[in-house]
Amino acid sequence: MASHILIVEDEYKIASLLKDYMDNEGFESRIIDNGLEVIPWLQNHHTDLILLDLMLPGKNGTEICKEIRRFSQIPIIMVTARVEEIDRIIGLEIGADDYICKPFSPREVVARVKAVLRRFSQAQLPQTGSDALIQIDPESREVTVSGHELKLTPSEFDILKTLHSRPGKVYSRSLLVTETQGYDFEGYDRTIDSHIKNLRKKIAVHLPGQDIIVSVYGVGYKLVLPDVS
Ligand code: CA
């Protein structure tokens, strides 16, 4: 599946140039030109990486980046003309993964995007060994937790599989609906909560005292796998 790149840039020329590079590489890309629209977009759409301009109307890139880091580790590449900002950008203070200076070359942007995506997907690979805490077989639709088989409804299975595919990634209720049902069905958001409640109960039987499905207030849910090292 193609990676989804969100381009946040208010200068039309630069934004469409970036979009051309991304589309040429086979990525799915989308442009947002106002800082206020970024977080709502992320909460409702699957996104793999953000190219984030620093100076934006509505809300600046620094603020957006800090806010995103409160609920997501999604890769962020800052795009800036302000060389003096770079130390802060890549430092812990803001939490971006990399930066690109304007003016940039197409080849450089593509290389950075690919490198960051590669780094991120390696870090995020779910446990797949035979001793993994949770094992999910998408073909037989069987789930085991600590070696015990779980009996799940089809919706519970789909939700757990989605959360498990990217541990640590926060899924909003409507994103869970879209990713598990394949379409956005209004009014379904609240039933996600009851599926999650049932899933937690079933998992807790085999993992007492460990809540691996974590609610993120005002956003949604994520799966947190305990460190087994
Ligand atoms: Ca700008």
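## Accessibility at the metal site

M55 has a relative accessibility of 48% and counts as partly exposed, a class lying between buried (under 20% relative accessible area) and exposed (over 50%), with a 1.4 Å probe and protein chains only. D10 is also partly exposed, at 34% relative accessible area.

The model is predicted, so local features need pLDDT of at least 70 and side-chain atom pairs pLDDT 80 or more, while totals for chains, interfaces and linings use all residues. Residues are numbered from 1 along each chain as its sequence is written, and side-chain values use heavy atoms, without hydrogens and water.

## Calcium donors

The calcium ion has D10 (OD), D53 (OD) and M55 (O) as protein donors, at 2.1 to 2.3 Å. Donors are N, O and S atoms within 2.8 Å of the metal, or 3.2 Å for Na, K and Ca; water is not among the atoms, so sites may look incomplete.

The donor spacing in sequence is D-x42-D-x1-M. D10, in the loop between strand 1 (4-8) and helix 1 (12-24), and M55, in the loop between strand 3 (49-53) and helix 3 (61-69), are 45 residues apart and link distant parts of the chain. Helices (H or I, at least four residues) and strands (E, at least two) are DSSP runs numbered from the N terminus.

## Cavity

There is one cavity of 30 Å³ or more, a cavity being a set of points on a 1 Å grid over the protein atoms alone where a 1.4 Å probe fits but cannot get out. The largest cavity holds about 30 Å³ of space. Helix 2 (38-44) and strand 9 (171-172) each give two or more residues to its lining.

Definitions and conventions
On a 1 Å grid over the protein atoms alone, a cavity is a set of points where a 1.4 Å probe fits but cannot get out, and a pocket is an open set with protein on both sides within 12 Å along at least five of seven lines; lining residues have an atom within 4 Å of a point. Grid points are joined across faces, edges and corners, and a volume is the space filled by probe spheres set on the points.
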